[in-house]
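Here is a brief report on one protein model.

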Amino acid sequence: MTSTAPSDTAASTTAYIDDFARFIAASPSSYHAAAEAARRLDEGGFTRLSESDEWPDEPGRRYVVRDGAVVAWLQPAGAGPTTPFRILGAHTDSPGFKLKPKPTIGSHGWLQAGVEVYGGPLLNSWLDRELELAGRLVTRDGTEHLVRTGPFLRIPQLAIHLDRDANTGLTLDRQRHLTPVFGVGDLAQADLVGHLAGLAGLTGADVAGYDLLTADSQAPARFGQDLALFAAGRMDNLSSVHAGLVALLAAGNPAQGGSSQRGSGQISVLAAFDHEELGSETRSGASGPLLDDILTRIGAGLGASASQRLRAYADSWCVSADAGHSVHPNYPEKHDPANLPIAGSGPLLKINATQRYATDAAGAALWARTCASAGVEYQEFVSNNTVPCGSTIGPLTATRLGIRTVDVGIPLLSMHSARELCHVNDPVALSAAIGAFFAPER
């Protein structure tokens, strides 16, 4: 059965997917994703707070950006020291390649960029694509400048004439074979950092540091029968960031039935972390202090003692939303034979016996109630016993804070490819379910 929310007409699906495509196009790096989320939050009436300032205690809509992460929340009127949190956790980063120091290199007349592998990309999918570099430049005074090149790089594959075995066993050396080209000429006259600095109105000498990664520059696209398929880069995990952002903005918008002062039942939070693809152990990652710092400061503003803060956590929930796997029609043996999630049949409830996902029976019941309230179907995902699964921020959040956590996400094909694939109904259904999760329980 294809999942549909009550208002999920063809027109509303198109509107959602078009907006999702715009969000992806605006977010070639985690820093751009945080900036685009901040821009939308500003438009939605949220107030940006600095972590070095005192924070207001009164009800309101607020957010914080820390590097490539963003945390936003709705603090309702009547919230008190033991008011629980409803947290949607996601991550802003995606696999790819990160620019090294001294990045301007070359060979035999070709100008190349020195990069290292970031996360776990499906390496062959990045070959023979027009890539861009995107991220932040930091000047000596600490000022950050977002920059993106547009189509600029390409990792050229060796022609079949020069590797007759390429179609039977492609082996890529991460140091030798994955260095992109960006031009031809005299290496002594080339300056990649200077070029990037110029895009931000700076000189190369102004730049003291940078965090720049590759992104596929091809625009997102709908295609296939009934335009039911959607392909884009970075859907792992911008699909969840966007779904959570749309749901939180709707929850805080009186015109859409929400309000930042709609009762004291809960404090709704969107936590979009960086560096999940690296293990999350950074100041802006899920294993870092970011979420605990913010929840603690919210509680302090409500007068919560240490004991009351723990009581609030005991009644809180986190939905960890990260993309999962649809059954692959060409490799069904890689999936559990009894649990075969189908694209277009609703978001996933992700389950793992070794707690690589944080879902337990109580979390499964919460997700069932949430999806029923939203009017969407969902489907279980569990790995084949011979194909171990990855993990998410879910177990990290549960471990750090002791908050009950459930893992969910949309089903994808080609996860960690430069360009991933989903059914258009699934992101819409995920956002509807998150909206129900943010709605105060009656």
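## A charge over a ring

The charged end of Arg297 lies over the Trp55 ring, 3.9 Å from the ring centre. The test asks for NZ of Lys or CZ of Arg within 6 Å of the ring centre and within 35 degrees of the ring normal.

This model is predicted: local features need pLDDT of at least 70, side-chain atom pairs need pLDDT 80 or more, and totals for chains, interfaces and linings use all residues. Residues are numbered from 1 along each chain as its sequence is written, and side-chain values use heavy atoms, without hydrogens and water.

## Aromatic pairs

There are seven aromatic pairs in the structure. Ring centres must lie within 6.5 Å; planes under 30 degrees apart are stacked, over 60 edge-to-face, the rest tilted. Phe97 and Trp126 pair edge-to-face, at 5.6 Å centre to centre and 85° between the planes. Both Phe97 and Trp126 are buried (under 20% relative accessible area).

Phe437 and Phe438 have ring centres 5.8 Å apart and planes at 40°, so this pair is tilted. Phe437 is buried, at 0% relative accessible area. Phe438 is buried too, also at 0%.

## The largest cavity

Which residues line the largest cavity? Among them are Ser94, Trp126, Asp216, Arg234 and His416. Lining residues have an atom within 4 Å of a point on a 1 Å grid where a 1.4 Å probe fits but cannot get out.

Domain 1 (6-94 + 233-438) and domain 2 (96-216) both contribute to this lining, so the largest cavity lies between them. The domain bounds come from an automatic or database assignment.

Definitions and conventions
1 Å grid on protein atoms, 1.4 Å probe; cavity = no way out; pocket = protein on both sides within 12 Å on 5 of 7 lines; lining within 4 Å. Phe/Tyr/Trp six-rings, centres within 6.5 Å; stacked < 30°, edge-to-face > 60°. Buried < 20%, exposed > 50% of the residue type's maximum accessible area, 1.4 Å probe, protein only.
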